[in-house]
Amino acid sequence: MAAADDIILRVEHLTMRFGWLVAVDDLSFTARQGDITALIGPNGAGKTTVFNCITGFYRPSEGRIALRHGDAIAWEWLEPLTNGGERSVKRPAGALYLLERMPEYLVTQQARVARTFQNIRLFPGMTVLENLLVAQHNRLMLASGYTLFGVLGFPSYAAAERAAIERAKAWLDRVDLTARADDAAGDLPYGAQRRLEIARAMCTEPVLLCLDEPAAGLNPRESAELNELLLAIRDQQRISILLIEHDMSVVMEISDHVVVLDYGVKIADGAPAAIRDNPKVIAAYLGVPDKDVANVEAEVGL
Amino acid sequence: MEVFLQQLINGITLGSIYGLIAIGYTMVFGIIGMVNFAHGDVFMVSAFIALVAFLLLTSFLGISSIALALFLVLIVAMLFTSLVNWTIERLAYRPLRGSFRLAPLISAIGMSIFLSNFVQVTQGPRNKSIPPMVQGEFVLFTKNDYPVTLSFKQLIIWFVTAVLLACFWYLVSKTRLGRAQRACEQDQKMAALVGVDVDRTISMTFVIAAALAAVAGTMYLMYYGVVSFADGFVPGVKAFTAAVLGGIGSLPGAVVGGILIGLIETMWSAYFSIDYKDVAAFSVLAITLIFLPQGLFGRPDVEKV
Amino acid sequence: MGGDAPGLRVDTVRALRDAGITALLAFGLFLPLVGFQTVTDVRNDLILVTRWPLLLAVVAVVGIGRLAYSLAVEPWLRQRALLPATPAPAWRVQAGKWFLPFAIGFVVAYPAIVLATAGFGRAVKWIDNFGIQVLIYVMLGWGLNIVVGLAGLLDLGYVAFYAVGAYSYALLAKTFGFSFWILLPLAGVLASFWGILLGFPVLRLRGDYLAIVTLAFGEIIRIVLINWVDLTNGYAGITGIPRPTFFGIPFNAEDDGFAAVFGLEFSPIYRTIFLYYLILALALLTAFVTVRLRRLPVGRAWEALREDEIACRSLGINTTNTKLTAFAMGAMFAGFAGSFFAARQGFISPDSFTFLESATILSIVVLGGMGSQIGVAIAAIAMIGGTEIMRELDFLKLIFGSTFDPTQYRMLLFGFAMVLIMIWRPRGLISTREPSVVLKERKIIGADLVKEGHG
């Protein structure tokens, strides 16, 4: 088990019900600072629902989702924070947030969690560069004096906008899209749209990046490039990544920690190598009922 | 109490008319996802067709049996209004199907303006009033000199609405056409792949919507005895309110919503202020949409992320 | 279909058959309401008169129209579809560059042009009915364009804010005697306040529902204006609203009036010209602010909202506030336009603020092409100018007889034109999008990529 000091995200007893359907049932896991944590499981296991809860799009039926910036605030603050009814504790050197109490835009704006979507949500009629500027909305809004300075043409806003364009350019270089900066995002090929979505999420300057199946639909070369990009984000920016992925080669290659869900329930949690050999995971992926797991274990020689 | 009972009777009558129009909104919305803005004006046109048919039957052909005349007027109005709505769908909406979302809405608003002005130009701007077609009433009881009555007109409206709703319910739930409609509501492409003629099904939806609007138009003319070119908009919006209140896309919802709107309007007029009766209907619309957007019988809509 | 050269052959038999069917359909459609007319006779009873010649004429026109379409228009369209798309010729690219300066030059010089061509006497009508009337709708179109075109929120009750602006000016000017120049910004502020007030509960609605709720609010405000007689004088409206002054100098025949001060002979034309430039300045202000806002984060957030609301939320944008600013900004310009309208007319009543006005403004925005300022201006000129022209077509009386009144057909044709233009160009006249920021090269974004919004 990881030392509590490294933990950035704690999901505790998360349950999400839609009517009678229990999409996520009493799920608990943690993600460590600077790790790539993968959330895997068969179709319909509730992975995206977990993402929607973490990023504030759904309000969980039960449970707690806590995120910590830096290590200035000890995790012991979690209980007083929960009981006190506040959303967050903030110190100059760090902060602790209860994500399930925050609307989705504040999860990104204050708790600095960014996300991408399974079926790519770009602004198709806006250019690639515009997409990246929209991601820097809150910073630019402040610089434009909530529009007032901007309309009046103050130079301070112009400087902020130049800086935002520079940041966008840096990310365009990293995802190899500089040449297409002035094209409509909807005109890009599929793989480029995936990369742009990641660059856009990174322009919000997150501490935790949540990627919903980033490798879906990519060819092997693009998939390899994606692995490099994610590892670079982890190692150079020191940003923690939470990843939903179906492509096992991606998961095994880059993740530091894997959580496996099946029918909304966690069935395994550990290092990639351990997960690969876990009979329950194999059974879940093969679609074998629980009672037959022992047989399967016998068959695979465990 | 006696005022309440009287308003209950009046409200159900008015609500039946709204409900018949509301079905048109709800069906069209269900099948092509469009608010057919011109539907209120189709209703108004049907009332004019009924007016012409009534005058033709009584003064030109000299039919003296009111029951026969009313029956024929109803048939004529339903036929011609269906033809009108079929043509509207063909000309103004079908070319825009699957195109930009606002285009059919603007086209429908244009059609609504066109229809009301067409009637104004061809029939003149004045109110058209006819002598009462049906007279007489049952006095249910009298209390404090206030008679609670159920007029024959109201009985006819209840009866005709009930019979037509039964036919209509049979049509959409038990026939091939009804199945085709439900298939198109779910997924037009898939319906086309399994052999449903989507264009024809949508056309038929407009025809049925118009036929029911024509029943409402005929009943409206019989009940009030007066109609004008501008009478499409407000009943149209109220019927739309009814459709939303019942849960847009839900057919029983439209009828229940219609009766509720009728009741709210008559009760409001009786107990609060007749000047603001339209405000009551519009407020119900706004409040329903804000707090209960799925309506009474609609399915809740979970946001897909 | 089915022939070996289906693209180009004209099938006369089929064309005749289609024309026959169409004529038959037209006969059925027009029989009840064109074939018969309900009129009130001397005893005040409603009777029917027949109009067979008119019915036959209408049916013949429809049938012949259909025949002409199959024989001439359809082959032409098919032929054109076979030709490869050619890039716009050089002269058109050049003309496009010069269009904007030329257009601004023309509207600035318009009163002078009218005075020179129509003469002093008729100029008032041309400047007022055409110039000012069209510019009011251009301004309203540009204001609503912020809400519908940029933010993608469908607002069918925009006229409510126009009414708030007009009644604010009328009531405050009459009661407190404030000047136009104080009340103009105040009317804008009040209208945007109402925009926020009405916007707050409804902005989480999506799609057509938002449109319908805004319609309901627009109607509620109108009914309140009708029934709150103590404040608004009901249907009768408010008369004697103070007119704007030339920075304190009134436009009247007195000694301290505009004409006397500037040593001119008194004429109503000065006020008309002044009002023309006033609404021109207001409209250009609207355009200028909108262009500026599009390049600011708030404007980009509006467009992003139109493109994908959920993605916006995932980027930390408070979509409720963003929608409210769009609503408030649009309402503010409607408030300005409303106070100008009240000052220009000197009289307002609820009749000026019906749903038809909202529908007209919305159709101008959609017909022009959502988000395109030039498109909206062209649509306003075509739709409003076009229907105003109908008032002037007296020569038609020579053709159709002296009882023919072309103004009757204004709204009929207006509605018909709305349908036709939508079928011709469902995305409006100018549907491409200009990027708000450029790294290297400005590229126009194709209409098929730009989304229309969920609200």
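The model is predicted, and local features need pLDDT of at least 70, side-chain atom pairs pLDDT 80 or more, while totals for chains, interfaces and linings use all residues. Residues are numbered from 1 along each chain as its sequence is written, chains are lettered from A in the order in which they are written, and side-chain values use heavy atoms, without hydrogens and water.

On the side of chain C that touches chain A, α10(C) gives the most, with 7 residues, and the residues of this side divide into 18 nonpolar, 4 polar and 12 charged. Between chain C and chain A there are 4 salt bridges, each a side-chain nitrogen of Lys or Arg within 4 Å of a carboxyl oxygen of Asp or Glu; A:E161 and C:R300 meet in a salt bridge at 2.7 Å, N to O.

Helix α16 of chain C, residues 410–424, reaches 21 Å from its first C-alpha to its last. Its buried residues (under 20% relative accessible area, 1.4 Å probe, protein chains only) include C:F414, C:M418 and C:I421, and what covers the buried residues of α16(C) includes α3 and α4 of chain B together with α13 and α14 of chain C.

Definitions and conventions:
Helix = DSSP H or I, 4+ residues; strand = E, 2+ residues; numbered from the N terminus. Expected span 1.5 Å × (residues − 1). Buried < 20%, exposed > 50% of the residue type's maximum accessible area, 1.4 Å probe, protein only. Contact = heavy atoms within 4.5 Å. Nonpolar A, V, L, I, M, F, W, Y, C, P; charged D, E, K, R; others polar.
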